[in-house]
Amino acid sequence: MRNRTVIPALALLLLICGASAAAAAGSEEEYKTAYAAAEAANKQAATLRNQWTTTASTLAAAKKFADGGDFEKATASAREAEALAKASIFQATSEKERWRDLEIR
Amino acid sequence: MKLRTKVQLSLAAFGLVLLAFAAPSVFAADKVDPVADAKAFKKFFYEKFPKLKPEDFVNGPYSMNEDLYKQWQEKEQFPPYEFALEAGKEMFSKPFKNGKTYGDCFANKGIGVRQDYPTFDEKEGKVITLELALNRCREANGEPPFSYLRDEMASLTAYMAFTSRGKPFDIKIPNDPRALEAYEKGKEYFYTRRGQLNFSCATCHVQSPGERVRTEVLAPALGILNAMPIYRSEWSGMGTTSRRFTTCNSQIRGVPLTPQDDEYRNVEYYLSYVSNGLPISGPGARP
């Protein structure tokens with residue numbers, strides 16, 4: 001009876017461990033993808049000479065979370081960094097024409 | 001239609017398409033009018049602050065606020081930039097290892113020439129700021145360049161500015177499309193919003209001079225470089241024009257460029273030119 005209970009419990013535990021390990025591995029993959037995307041966008045902002053300090057600090061935060069094994073927060077930070085980098089790209093692109101609106105004439 | 005004619009027509013069409021794409025990137029030097037720009041720039045500030053005399057603008061925030069003006073007058077009795085001035089004078093006159101001095105790199109031995117910088121070097125096709133000219137002078141004489149952000153450069157430029165005090169800015173834009181392009185790019189940089197705060201230089205120094213950002217009273221863009229370099233109480237030390245530009249960028253959450261990158265040289269050219277006629281007041285002191 002004891003064995004009957006213990007074995008399924010162990011199996012369940014192994015399943016949970018396996019699942020969470022798989023989930024963690026998935027999160028790490030997700031993080032890596034999100035970080036690479038953010039880095040690429042930030043590099044594009046650099047070519048436009050318009051990087052934001054907050055993109056760099058958010059990327060650093062993502063890396064720190066990842067180093068600590070918290071891939072959920074790491075992924076969230078990397079995605080936020082990508083959004084910031086994309087906003088800086090939009091700003092640089094739109095300002096190519098819009099700067100004239102401020103000009104004293 | 002013969003094959004040859006078809007080929008010729010196709011090539012002509014292709015050429016036209018190429019021209020259409022290339023046209024927007026061609027710099028339209030004929031549309032750049034620095035004289036009209038400077039006139040409009042001054043008019044804007046004179047109308048915004050009708051009580052100020054033109055020469056008052058070089059005193060930055062002190063001209064915008066009566067209490068600050070009184071504080072500044074007291075401060076000028078024992079100016080905080082005095083140490084830098086003395087250090088700069090000593091450095092300027094001390095020969096390099098090869099026996100030459102800074103004076104050998106400049107017109108009039110470097111005395112009373114601040115108002116002519118930035119200048120446009122037609123050989124190089126680029127803007128040369130005073131800070132850049134000083135470091136090039138060092139390197140040409142076998143000395144390592146100074147940091148553009150630190151005290152040595154601030155001291156040297158403080159001394160050179162002091163020898164030009166009262167002389168009106170006299171920035172020249174030669175009739176060279178590259179000079180006009182540098183000027184225009186400087187103007188573009190000045191008005192372009194950047195950083196997460198979405199500020200341009202003009203946001204603070206055109207739209208809001210005299211207003212406060214936290215505890216700071218913002219200076220007008222007109223005459224803003226006439227007082228450089230400056231002692232800033234906030235920095236507890238001297239700051240060069242390069243330091244001012246890079247700090248402005250980081251304050252609006254933008255990653256600063258490298259000091260003396262083309263963008264900074266061009267914006268200094270633009271800002272100095274539109275202040276032509278206003279006296280050099282550097283070195284200055286700011287809150």
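This is a predicted model: local features need pLDDT of at least 70, side-chain atom pairs count only at pLDDT 80 or more; totals for chains, interfaces and linings use all residues.
In what sense do strand β5 and β6 of chain B pair, and over how many bridges? Strand β5(B), residues 230-232, and β6(B) pair in the antiparallel sense, and the pairing runs over three bridges. Good morning, colleagues.

Chain B contains ten helices and seven strands. The C-alpha trace of chain B spans about 90 × 50 × 35 Å along its principal axes. Of the 287 residues in chain B, 42% are buried. As for contacts in chain B with a separation of 6 or more, 74% are accounted for by residues 24 or more positions apart.

I come next to helix α10 of chain B, residues 262-273. The helix has twelve residues, and the distance from its first C-alpha to its last is 16 Å, close to the 16 Å expected at 1.5 Å a residue. Is α10(B) largely enclosed or largely open? Ten of its twelve residues are buried, and α10(B) is therefore largely enclosed by the rest of the structure. Among the buried residues are B:Y264, B:R265, B:E268 and B:S272. What do the buried residues of α10(B) pack against? Their partners, each in chain B, are α2, β2 (126-128), α5 (130-140), α7 and α9 (241-251).

The axes of α7(B) and α10(B) come within 7 Å and cross at roughly 95°. An angle from 65 to 115 degrees counts as roughly perpendicular, and so α7(B) is roughly perpendicular to α10(B). On the α7(B) side, the residues that meet α10(B) include B:Y183, B:K185, B:Y189 and B:F190. On the α10(B) side, they include B:E263, B:V267, B:Y270 and B:Y273. Sorted by class, this contact has nine nonpolar, two polar and three charged residues.

Helix α4(B), residues 82-93, and helix α6(B), residues 151-162, have axes that come within 7 Å and cross at roughly 90°. The angle makes α4(B) roughly perpendicular to α6(B). Here B:L85, B:K89, B:M91 and B:F92 are among the residues of α4(B) that take part, and B:D151, B:L156, B:Y159 and B:F162 are among those of α6(B). The classes in this contact are ten nonpolar, two polar and three charged residues.

B:D56 is found between α2(B) and α3(B), the latter being residues 66-75. Is B:D56 buried or partly exposed? A residue is buried if 20 or more other C-beta atoms lie within 10 Å of its own. B:D56 has 18 C-beta neighbours inside 10 Å, and therefore counts as partly exposed. From B:D56 to B:R178 there are 122 residues in sequence, and the two are 33 Å apart in space, C-alpha to C-alpha.

Chain A has 105 residues, of which 27% are buried. Where contacts in chain A join residues at least 6 apart in sequence, 70% of them join residues at least 24 apart.

Finally, how many residues of chain B are in contact with chain A? There are 20, and they are in contact with 14 residues of chain A. On this side of chain B, the elements that give two or more residues are α2(B), residues 34-48, and α7(B), residues 177-191. The largest share, three residues, comes from α2(B). The residues on this side of chain B divide into eight nonpolar, seven polar and five charged. To close on a link between the two topics, α7(B) gives residues to the side that touches chain A, and α7(B) also crosses α10(B) at roughly 95°. Thank you for your attention.

Terms used: Residues are numbered from 1 along each chain as its sequence is written. Chains are lettered from A and ligands numbered from 1 in the order in which they are written. Two residues are in contact if their C-beta atoms, placed from the backbone, lie within 7 Å. Helices (H or I, at least four residues) and strands (E, at least two) are DSSP runs, numbered from the N terminus. Ala, Val, Leu, Ile, Met, Phe, Trp, Tyr, Cys and Pro count as nonpolar, Asp, Glu, Lys and Arg as charged, and the others, Gly among them, as polar. Axes are lines fitted to C-alpha atoms, for helices over the stretch in contact, and angles run from 0 to 180 degrees between N-to-C directions. Angles under 35 degrees count as roughly parallel, over 145 as roughly antiparallel, 65 to 115 as roughly perpendicular and the rest as oblique. Two strands pair if DSSP finds at least two bridges between them. The expected span of a helix is 1.5 Å times one less than its number of residues.
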